[in-house]
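Let us take a walk through this protein together.

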Amino acid sequence: MPKNTKVTQREHSNEPVTESVADLLSLEHPMDYKSSQMSMGLSPGSTAPGKALLPSPDPDAEDGRPAWNNKLEYILAQVGFSVGLGNVWRFPYLCQKNGGGAYLVPYFILLLLIGIPLFFLELAVGQRIRRGSIGVWNYVYPQLGGIGVSSLMVCGFVGLYYNVIIGWSIFYFFQSFQYPLPWAECPIQRNGTQAIVEPECEKSSATTYFWYRQTLNITSTIDDTGGLNWKMTLSLLVAWILVCMAVIKGIQSSGKVMYFSSLFPYVVLFCFLVRGLLLKGAVDGIAHMFTPKLEKMLEPQVWREAATQVFFALGLGFGGVIAFSSYNKRDNNCHFDAALVSIINFVTSILATLVVFAVLGFKANVMNEKCVVDNAEKILGYLNTGVLSRELIPPHINFSHLSAQDYAEMYGVIKTVKEDGFGQLGLDACVLEDELNKAVQGTGLAFIAFTEAMTHFPASPFWSVMFFFMLINLGLGSMIGTMTGITTPILDAFKIRKEILCVVCCIIAFLLGLLFVQRSGNYFVTMFDDYSAGLPLTVVVILENISVAWIYGTKRFMQDLEDMLGFRPYSFYFYMWRYVSPAVLVVLIAATVIEMAVSPAGYNAWVESEGSERFQSYPPWALAMAYALIVVAMLPLPLVFIARHFNLISDGSNKLSVSYRKGMMKDISNLEEQDEQRFILSKNPSEAPSPMPAHRAYLGPGGTQEMTNTNYGTSTKTGYQNIGSPESEL
């Protein structure tokens with residue numbers, strides 16, 4: 001071999017060889033990567049083959065990609081993204097609906113089977129490739145590059161309506177600075193000298209009336225837009241300004257915001273837990289919550305809802321997880337991060353459930369006592385008018401100090417004696433269990449049930465301010481992750497100032513979000529929540545799983561993880577990624593499709609004359625819009641696959657990060673000369689080694705015989721592309 005080749009230079013230099021395999025094969029001078037996007041850290045003038053390269057202090061920083069200031073910022077960002085409003089108002093509802101403490105069993109099992117493994121997978125690919133969701137899947141399997149585009153579109157849909165919820169919280173936050181709280185009592189209408197209670201409020205409740213009429217000023221159907229609600233429009237504008245300020249500098253600004261937005265909700269939850277446990281009836285609520293109904297575990301619906309909650313609780317498929325991890329160093333222990341964030345998320349859900357049911361237990365006792373008093377007054381009226389005989393009242397009952405037990409005894413006697421005409425008396429049973437069984441979820445829990453409970457708190461404005469400030473921070477943490485999932489892939493693909501991109505995205509999102517601040521906007525929030533994310537995200541995640549485990553190869557991926565982390569992950573992950581997680585996701589997709597086909601498509605419309613909700617089917621145009629959300633979110637998947645299958649567009653695989661390329665070259669440079677020559681001479685120039693280095697073959701889970709993959713160097717687009725390939729940019 002000539003003396004001026006790169007291979008022979010290794011014998012006379014201690015510097016690592018960083019030229020590409022193509023350079024070694026062609027014996028040409030390496031290109032000046034300093035001026036290219038794929039800069040390898042060469043110093044000016046170092047392109048001559050005989051000149052030594054300057055050592056690189058930090059290969060992860062050479063591509064100019066931002067990095068987290070410290071590990072704590074990164075963990076708080078992932079926690080802030082995964083821990084959101086769903087932990088506060090959906091997990092407690094699912095626990096109550098699906099067997100109380102028994103629901104925790106399927107939830108925890110599915111957290112182990114699909115939650116942690118898939119969360120670990122997203123963290124690993126993002127950290128290894130150091131790109132956003134679009135770039136990552138272009139590298140793994142270009143024909144499935146539509147995964148990243150679909151992920152970005154779902155992020156956009158979710159961000160549009162999610163920030164509306166933050167806007168509602170901002171409105172309630174500012175309304176909380178008054179005593180009594182504006183939703184504590186029904187408004188009074190005066191007609192001359194006569195004062196009457198607002199009929200709509202009297203038929204519902206003060207908190208329900210404030211939500212539907214004072215806050216949303218809602219119309220009775222989705223067909224009637226009603227024009228813009230200016231109070232909500234202003235609140236939405238404030239919400240987008242907050243999000244823009246939090247993410248305008250990328251992780252440099254969002255990382256700082258996370259110190260507060262991620263930690264403050266825990267302070268509020270602990271305060272509410274302590275306060276809630278001191279309230280009368282709090283123990284009843286918690287006991288009701290954690291009394292297991294084991295027969296519920298046999299129902300398939302419970303497992304489906306547990307899988308869905310695990311799926312969304314960790315933010316899988318949104319792209320935020322990948323985007324955040326792409327700013328990590330290459331050797332960061334993402335396995336530890338996956339387990340830590342998943343456990344924090346689970347514990348937070350349990351903590352929020354304790355808080356919610358302590359407060360709802362207090363509310364149930366208050367409402368039950370009110371029921372007893374109201375019905376006792378009815379009985380006294382019947383006694384005074386002779387409708388009921390005083391002989392029906394047990395002698396030990398004192399109406400001035402009537403307990404729930406005394407009322408239950410009296411109610412039972414009257415019901416037994418007056419069996420035929422009992423229904424005409426209009427008496428309620430006033431059973432505490434019935435109040436505790438009233439399932440409330442979503443906005444109903446936060447803006448109706450919880451607000452009603454807080455009106456009975458001492459110093460209720462203080463607790464209301466704390467509660468809605470917590471909701472704002474929970475929402476803000478999730479929105480930062482959502483916006484990062486949108487902006488990171490765009491910044492990776494195009495050279496745009498992140499400040500300009502952030503401002504433009506927020507302005508466009510605010511304008512599109514005006515759909516949700518019409519008087520009928522709440523119906524569109526429900527539509528987007530039901531259709532824009534569920535099925536598309538599940539499809540995105542199963543394709544992520546398949547592209548890594550079955551196309552790229554689980555053995556190769558496990559070996560890559562060992563090279564990156566310095567240790568081999570448990571074989572548990574091998575089987576989860578290869579078999580269990582895809583199977584569970586297929587079942588989840590099938591169950592979701594079946595539920596959509598069986599359940600009528602509609603929404604709960606507010607009927608002003610009745611002061612209550614009534615289910616209504618979507619009109620044809622709204623139903624078409626709902627299904628269009630699913631189609632639009634999933635459309636990039638087949639379009640990109642077809643376009644790249646027929647070579648209509650570039651695979652965009654040449655934008656590997658510098659740290660990725662240097663890591664590969666470093667592993668090549670460590671080969672013995674004999675191995676190096678064999679490595680070079682046994683492959684054609686068009687053949688590409690895996691950018692995820694494979695200098696040690698993975699033995700398989702529990703295997704003792706070395707397993708090799710002969711497809712590492714194939715030139716087909718079924719794996720990561722060769723960094724030396726002259727691929728055009730996407």
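The protein has 29 helices and 4 strands; here helices (H or I, at least four residues) and strands (E, at least two) are DSSP runs, numbered from the N terminus. What you see is a predicted model, in which local features need pLDDT of at least 70 and side-chain atom pairs count only at pLDDT 80 or more, while totals for chains, interfaces and linings use all residues. Residues are numbered from 1 along each chain as its sequence is written, and side-chain values use heavy atoms, with hydrogens and water left out.

How confident is the predictor? The pLDDT, its confidence in each residue from 0 to 100, averages 77 over the protein, and 79% of the residues score at least 70. Over residues 1–62 the pLDDT stays under 50, and the model has 100 contacts beyond four places in sequence for them; a contact means heavy atoms within 4.5 Å. Residues 655–730 also stay under 50, with 169 such contacts in the model.

Now for the overall picture. Of the 730 residues in the protein, 56% are buried, where buried means under 20% relative accessible area, exposed means over 50%, and partly exposed is in between (1.4 Å probe, protein chains only). Among contacts with a separation of 6 or more, 80% join residues 24 or more positions apart. The accessible surface comes to about 31,000 Å², and carbon and sulfur atoms hold 61% of that surface; these areas come from the Shrake-Rupley method with a 1.4 Å probe, and for residues only the protein chains shown count as cover.

Because 8 of its 11 residues are buried, H23 is largely enclosed by the rest of the structure. The buried residues include Tyr523, Phe524, Met527 and Phe528. What do the buried residues of H23 pack against? Their partners are H8, helix H10 (206–215), helix H24 (534–565), helix H25 (571–598), strand E3 (602–607) and helix H26 (620–634).

Let us follow one of those partners. Helix H8 spans residues 146–175 and holds Asn163. Asn163 is buried, with a relative accessible area of 0%. Leaving aside residues up to four places away in sequence, Asn163 touches Leu236, Ala239, Trp240, Val243 and Met479. In the loop between H8 and strand E1 (188–191) you will find Pro180. The peptide bond from Tyr179 to Pro180 is cis, with omega near -5 degrees.

The relative accessible area of Met410 is 0%. Met410 touches Ile393, along with Ile379, Ile397, Phe399 and Leu402, not counting residues up to four places away in sequence.

Finally, turn to two loop residues. Most residues other than glycine have a negative phi, and most peptide bonds are trans. Arg130, which is not a glycine, has a positive phi of about 55 degrees. Arg130 sits in the loop between helix H6 (104–129) and helix H7 (133–140). Asn647 likewise has a positive phi, near 55 degrees, and lies in the loop between helix H27 (636–645) and helix H28 (658–669). Is Arg130 buried or exposed? Arg130 counts as buried, at 2% relative accessibility, whereas Asn647 counts as exposed, at 65%.

Notes:
pLDDT = per-residue confidence, 0-100.
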